[in-house]
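Please examine the sequence and the model before reading the solutions.

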Amino acid sequence: MPSTETDVSIPQTLPSDAPARQGFARRSESAITALAVHLARWSIPALRITLGLVFLGFGVLKLFPGASPAEEIVTQTVGALTFGVVEGAAALALTAVVETFIGLTLLTGRWLQAGLVVLAVALVGMMSPVVLFAGELFGDGMTLMGQYVLKDIVFVAAAGVIAAATLGARLTCDAR
């Protein structure tokens with residue numbers, strides 16, 4: 001009787017590109033490990049330098065009347081925080097000096113611990129408009145000045161990472 005089944009031979013082993021895939025996987029792992037090592041080494045110094053450039057740039061702008069878009073919020077905030085003792089041009093000059101000092105310490109690494117203490121105080125001042133002037137910043141939706149103030153949250157996080165590294169914390173790579 002004829003069989004209704006079709007005789008299909010199935011090879012016991014299939015041709016495989018497994019060695020090529022394993023080589024690619026090893027090279028990929030190696031590249032990822034090298035990238036992780038590079039990032040562990042350079043991320044915090046890059047963060048410190050870029051944050052320093054931002055503070056230096058913003059500080060220098062405040063030295064020139066009319067050059068900084070933050071003049072109004074700076075004078076309002078410093079005036080409120082000092083109960084009117086430091087206002088107007090003096091508030092702007094004080095902020096310019098503080099921000100420039102912070103920027104220089106972050107850029108050069110000199111007096112870094114002192115710069116980080118000043119930065120911590122400055123960050124409290126920079127975030128205080130969220131509480132002091134919430135209506136002006138977020139009254140009818142978020143204003144441009146509200147966005148300007150809220151971006152300082154990133155500065156707080158960056159300063160925390162830089163301070164941790166300055167005080168001895170290390171970013172390491174266990175992928176080796």
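Helices (H or I, at least four residues) and strands (E, at least two) are DSSP runs, numbered from the N terminus. The model is predicted: local features need pLDDT of at least 70, side-chain atom pairs count only at pLDDT 80 or more, and totals for chains, interfaces and linings use all residues. Residues are numbered from 1 along each chain as its sequence is written, and side-chain values use heavy atoms, with hydrogens and water left out.

**Exercise 1.** Determine which helices supply the lining of the largest pocket.

Solution. Step one: the volume of the largest pocket is about 490 Å³. Step two: Val78, Thr95, Ala122, Gly125 and Met126 are the closest to its centre among the 23 lining residues. Step three: at least two lining residues come from each of α1, α2 (71–81), α3, α4 and α7 (144–150).

**Exercise 2.** Identify the helix that gives the most to the lining of the second largest pocket.

Solution. Step one: this pocket has a volume of about 240 Å³. Step two: of its 14 lining residues, Ile44, Pro45, Ala165, Ala169 and Arg170 are the closest to the centre. Step three: α1 and α8 are the elements that give two or more residues to this lining. Step four: with five residues, α1 gives the most.

**Exercise 3.** State which residues Leu119 touches, not counting residues up to four places away in sequence.

Solution. Taking contact as heavy atoms within 4.5 Å, one finds that Leu119 touches Leu51, Phe55, Ile102 and Ala159.

How values were computed: 1 Å grid on protein atoms, 1.4 Å probe; cavity = no way out; pocket = protein on both sides within 12 Å on 5 of 7 lines; lining within 4 Å. Points joined across faces, edges and corners; volume = space filled by probe spheres on them.
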